[in-house]
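Open the model in your viewer and keep the selection tool at hand. The tour below moves from one selection to the next.

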Amino acid sequence: MTALLEIRGLKAEIDGRQILNGLDLTVNKGEIHAIMGPNGAGKSTLSYVLSGKPGYEITGGDVFFNGDDLLAMDPDERAAKGLFLAFQYPLEIPGVATLTFLRTALNAQRKKRGEEELSSPDVLKRVRELAKQLSIDPEMLKRPLNVGFSGGEKKRNETLQMALLEPKLCVLDETDSGLDIDALRIVADGVNRLRAADRGMIVITHYQRLLDYIVPDVVHVLSAGRIVKTGGKELALELEATGYAQYQHEAA
Amino acid sequence: MNAQIRPVKTAAEIGFADLFAAVLKDLPGGSSTQAIRSDAFDRFAAQGLPHSRVEAWKYTDLRRLVSDAKPLASRPDAAAKSAAGGAGAVFAGVDARRLLIVDGAFVPELSDLAALEAGVAIRATVEALGAEEIPLPFGMASTDPVAALNTALAGDGVLITVAADVIVERPIHLVFVTTRTAPGAMFTRSRLELGSGASLTLVETHEGPDQSDYQVNAALQVDIGDKASLDHIKITSEGAAALHLATLEALIGAGANYREFGLTMGGAVVRNQLFLRLAGEGTNTSVHQASLLAGDQHADTTLTVDHAAAGSQSREVFKAVVDNEARAVFQGKITVQQGAQQTDARMMARALLLSDDAVVNCKPELEIFADDVQCGHGTTTGALDDQLKFYLMARGIPEKEAETLLIEAFVGEVIDAVAHDDLRDALSQTMLAWLKRRK
């Protein structure tokens, strides 16, 4: 069986600084992987390199997504193939209504996959249902994307996008940052509803707290651009108790 | 010893002098009009075509950009009239009273003059000039050389009057169209007199063939009575080789509302100059302008807002999207006169450059002679935000579409200022069509 995501010896740099240092990771369908690690370990870089953000130079290794060469694709192609990055800091786009954005994104992906585009009322119906599940005020959908949204509203909006676009692989970059406990629960419930046998997830987080709500199958420790330890969900609790110091030492 | 230095006249300046001498006797108007024309031409001739050392024309050097004076276009024949039929299509979906100005001449038989609202009068400028019933001289714009040329050579246009307290629901659409491919010059003068308490939406579109380097010098004077309300919307979409020089002069009465919107897309060289005098107290004025430029287009919007009385508010927003080697110019000057206390004036110019060779020149100016006012201005210039583009692409939106969405959002702010729903929708569609043509 082809792995959903296979990363082999990935090396990447930005502005001449090496961030990823030969990273290996395999995620199969139905699995949730947590990636934890200290600040500066390369967690966000990994999420950006996977989604194709400009500015990163790949200096070694391969990434296969359902067997396809992910690194050869533009960001929009990766999204249409089913990769979704939930941003740590979702961007504000003045002048673009949230609903317009959602419809444009969904139909762009469907078009690229050769599926029929959905009518505006159909999109609206789906979005409304999902908004309700995530306690998002429908009025917010008319507002410009993320403009004036609170931190919690932005993360709920990211979760809404993820649910609407039904990706095959979700990469959640520090989804817990900036969330109070109630918002965290709403977002985590939204993510958990997306758990499915044919979908994989990578949950990137600094703290163990999020993993109480989104329980992973596998936990990795990322340090200095490499996976330095892999274990079960109990590894997260262990890290919470001991911190990352031993791994930083190991990597250095 | 003082020596008066007179620059060598350009071929175009000599051409305008020859043209004026040849046509003056045939231009509409009696002897007093002829005197006004001669006086205006003398003022033009003394200055010549404006060039980069003339502050108000700093970025639009007509000595360089205008190589010759074209002969005046002849009045439209049957072929020209039939070619003009489809003009103004951009607002085809809007229920408006269409008035056609073909090759510089008002054509009543192509215009919708049926069932005029009570208190509304429409006539040809040529007729009003013949009867010496239209004031030709400019006020604020009188020292401008291009306005002076218009006074000297204006042949026709439309004169609209709306009586006091008449609310005109149906917009009036002035459709200016150049039909001929043989290059010519069109000098039009139009005028709107809006009585006190009256209300009107006036739309203007300007278009012509791409194959001809025709020249347009169009002037519009509006006199907005006390407590009257005017929405004015202009689209400049001349042919690819055309020269479009336009002067708008507005006199705004006490308590009046004036909303001005301009979209500039077509023409090789375009200058839209607006002279607004907030003459009465407590007026409310907004000016929203957008330029969408590509190729080697040059479009200049120059705005002078004169707060001449107390307690008026003005808002000016200018946005430019500039691609390829095009150049957008925005000059905005707000003057607050000594007695104009409690003036609230704000001006913002923002440009989006889509290529490394695109240019924008922004020059905001404030001249304040009152001490109890709120005035501000700002300018920004930049490229499309790569972070925003990545965010959209990461959601599956292809690069070109992501750019279109971001540009649409950028220009959308000024289009949203148009109050009339159908006109606003048509303007949005026009902008989108421009974006889709972008390579």
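How are helix 8 of chain B and helix 9 of chain B oriented to each other, roughly parallel or roughly antiparallel? Before selecting them, note that this is a predicted model, in which local features need pLDDT of at least 70 and side-chain atom pairs count only at pLDDT 80 or more, while totals for chains, interfaces and linings use all residues. Residues are numbered from 1 along each chain as its sequence is written, and chains are lettered from A and ligands numbered from 1 in the order in which they are written.

**Stop 1: two helices of chain B**

Select residues 399-415 of chain B, which are helix 8, and residues 421-437, which are helix 9. Helices (H or I, at least four residues) and strands (E, at least two) are DSSP runs, numbered from the N terminus. The axes of the two helices come within 11 Å and cross at roughly 150°. Axes are lines fitted to C-alpha atoms, for helices over the stretch in contact, and angles run from 0 to 180 degrees between N-to-C directions. Helix 8 and helix 9 of chain B are therefore roughly antiparallel to each other. (Angles under 35 degrees count as roughly parallel, over 145 as roughly antiparallel, 65 to 115 as roughly perpendicular and the rest as oblique.)

Now show side chains. Residues of helix 8 of chain B that meet helix 9 include Ile407(B), Val411(B) and Ile415(B); among their counterparts in helix 9 of chain B are Leu427(B), Met431(B) and Leu435(B). Two residues are in contact if their C-beta atoms, placed from the backbone, lie within 7 Å. The contact of helix 8 with helix 9 of chain B has seven nonpolar, two polar and two charged residues. Here Ala, Val, Leu, Ile, Met, Phe, Trp, Tyr, Cys and Pro count as nonpolar, Asp, Glu, Lys and Arg as charged, and the others, Gly among them, as polar.

**Stop 2: the sheet under these helices**

Helix 8 of chain B lies across strands 13, 15 and 17 of chain B, at about 155° to strand 15. Helix 9 of chain B lies across strands 7, 9, 11 and 13, at about 25° to strand 11. Colour the open sheet of ten strands in chain B, which has the order 2-1-5-7-9-11-13-15-17-19 and mixed pairing. Two strands pair if DSSP finds at least two bridges between them. At the edges are strand 2 (105-106) and strand 19 (374-382) of chain B, each pairing on one side only. For one pair, pick strand 11 (257-266) and strand 13 (284-293) of chain B: they are parallel, over eight bridges. Phe261(B) has His288(B) as its bridge partner in strand 13 of chain B.

**Stop 3: from chain B to chain A**

Which residues meet where the chains touch? Show the boundary: 20 residues of chain A are in contact with 18 residues of chain B. Helix 3 of chain A gives the largest share of the chain A side, five residues. That side divides into eleven nonpolar, five polar and four charged residues.

**Stop 4: a sheet in chain A**

Finish with the open sheet of four strands in chain A, ordered 2-1-4-5 with antiparallel pairing. Strand 1 (5-14) and strand 4 (56-65) of chain A pair over eight bridges, and Leu5(A) has Phe65(A) as its bridge partner in strand 4.
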